[in-house]
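Trainee: I would like to learn how to read a model like this one. Can we take it feature by feature?

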Amino acid sequence: MRTLWRKTLDGITPYEAGRPLEHLARELGLGDLVRLSANESPLGPSPRAIAAIEREAARAHLYPDGSSGELRAALGERLGVSPGQIIAGNGADELLALIAWAAFEPGDEVVVPHPAFEPYETVARLMGARVERSPLRRYETDLDDIRRRVTPTTKAIFLCSPHNPAATIVRRGPLEGLLAALGDDPPLVVLDEAYRDFCDDPEYHDGVSLLPRYPRLIVLRTFSKIAGLAGLRVGYGIGTAETIDRLNRVRAPYNVNRLGQVAALAALGDTEHSRRTRAVVIEERAFLSQELSRRGYAFPPSQANFLLVHIPGAPAVRERLLRAGLIVRDGAAVGFPDHLRISVGLREASRRLLAVLDGG
Ligand SMILES: Cc1ncc(COP(=O)(O)O)c(C=O)c1O
């Protein structure tokens, strides 16, 4: 008998993204279903991005610019790096896969905080690399533990800051300490900053500014969160020109679609919309945090657009919330049993959520 499928796949389960919102709404007979399980933007995309999509729609029969050139040029200008140091991807998700394709081989080790955003482990295992899990210290990434796990065969370290699902950050000082301690022949350090725009902690890092000193860093960012373009799938990575050249060798020819490119470019130009989205998330995060604390719920202070709340009997609470039209993520699915991960929504959604928790 031929063996058709790779043995590694036996140990991999498909990513559970949840049922499409529209199906659930129909099934539950709820017109006003609010999804607070996917860390999407409560404000949606910029009107300028919507207009750009509409203008571009009639050109959908034409392949996009395979290099996402205009978008990379605009990002380069914004970030003060050359476009050759940037790669655009079909979401930051794709960039994780490209890094794994380009760098990981059987025998490599990859150090990953645990729990953390699942695809880090999946992409490593798919390439035959061995995943070395570094347990969180309660809700915090343990940089000392990560450093202790690095060996001469470590190919990469993944860092997620703000962390999904814990919502905590790695602070600038300790991060630089780790990078310095890794020496002159360090592994790749993938610094996932998907939620960076919601941080207000002055100790938060700026991965891009660390690149000149730590050239094996790869910083990942996305238009899914702050720009509200999750449905179009546009992320980007910043690294040295050499890193980006390697990633381009494994990239599909037209990996970012036409509508995504123009929408991301327009979103980048609408700094007022980004500012407002950040302000709303930070304000509503404070409101929800305060109200939950007042009711005795415990959770790590969030630097992201979601909260990881300790709730005994979380699955039953999740069911009650669902029946009230609010979808939240069961913590057990992301490594935190007895927790719910709740995206920060608008005030109305928070009030509905609190009413259900209050037994209303
Ligand atoms: C930590 C983290 N990194 C990356 C991503 C993926 O972002 P994108 O939508 O750009 O693929 C997510 C999505 O939720 C995330 O939570």
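Mentor: We will go through the ligand site, some salt bridges, a helix and a surface patch. Keep in mind that this is a predicted model.

Trainee: Which residues come nearest to the ligand?

Mentor: Start with the shell. There are 14 residues around the ligand, and Ala92, Asp192, Tyr195, Thr222 and Ser224 come nearest. Helix α4, residues 91-103, gives the most to this shell, with three residues.

Trainee: Where do N or O atoms of the protein lie 2.7 Å from an oxygen atom of the ligand?

Mentor: One is a backbone N or O atom of Ala92, at 2.7 Å. Another belongs to the side chain of Asn164, also listed at 2.7 Å. The protein buries 93% of the 400 Å² that the ligand exposes when taken alone. The backbone of Asp93 also has an N or O atom 3.0 Å from a ligand oxygen.

Trainee: How many salt bridges does the structure hold?

Mentor: The structure holds 28. For each one, ask where the partners sit in the chain and how accessible they are. Arg258 and Glu56 meet through their side chains at 2.6 Å, N to O. This pair links distant parts of the chain, with Arg258 in helix α10 and Glu56 in helix α2, 202 residues apart. Arg258 counts as buried because its relative accessibility is 18%, under the 20% cut-off. Glu56 is buried too, at 8%.

Trainee: Why are Asp245 and Arg249 separated by about one helical turn?

Mentor: The general idea is that an α-helix has 3.6 residues a turn, so residues three or four places apart point the same way. In this case, Asp245 and Arg249 are four residues apart in helix α9, and therefore about one helical turn separates them. Their side chains form a salt bridge at 2.7 Å, N to O. Asp245 is partly exposed at 33%, and Arg249 is exposed at 56%.

Trainee: Which residues of helix α13 are buried?

Mentor: In α13, residues 347-357, the buried residues are Ala349, Ser350, Arg352, Leu353, Leu354, Val356 and Leu357. Their cover includes β1, α11, α12, β10 and β11. After the helix comes Gly359, with a positive phi near 90 degrees.

Trainee: Which residues form the nonpolar patch on the surface?

Mentor: Leu4, Trp5 and Leu9 form it, with about 400 Å² of accessible area together. Leu4 lies in the segment before α1 and counts as exposed because its relative accessibility is 64%.

How values were computed:
Residues numbered from 1 in each chain as written. Predicted model: local features only at pLDDT ≥ 70, side-chain atom pairs only at ≥ 80, totals over all residues. Heavy atoms only, no water. Patch = residues over 30% accessible without salt bridge, like charges linked within 9 Å, V, L, I, M, F, W, Y side chains within 5 Å. Areas by Shrake-Rupley, 256 points an atom, 1.4 Å probe, with all protein chains shown as cover. Salt bridge = Lys/Arg side-chain N within 4 Å of Asp/Glu carboxyl O. Helix = DSSP H or I, 4+ residues; strand = E, 2+ residues; numbered from the N terminus. Buried < 20%, exposed > 50% of the residue type's maximum accessible area, 1.4 Å probe, protein only. Near = heavy atom within 4 Å. Polar contact = N/O pair within 3.5 Å; in protein donor to acceptor, adjacent residues only side chain to side chain. Contact = heavy atoms within 4.5 Å.
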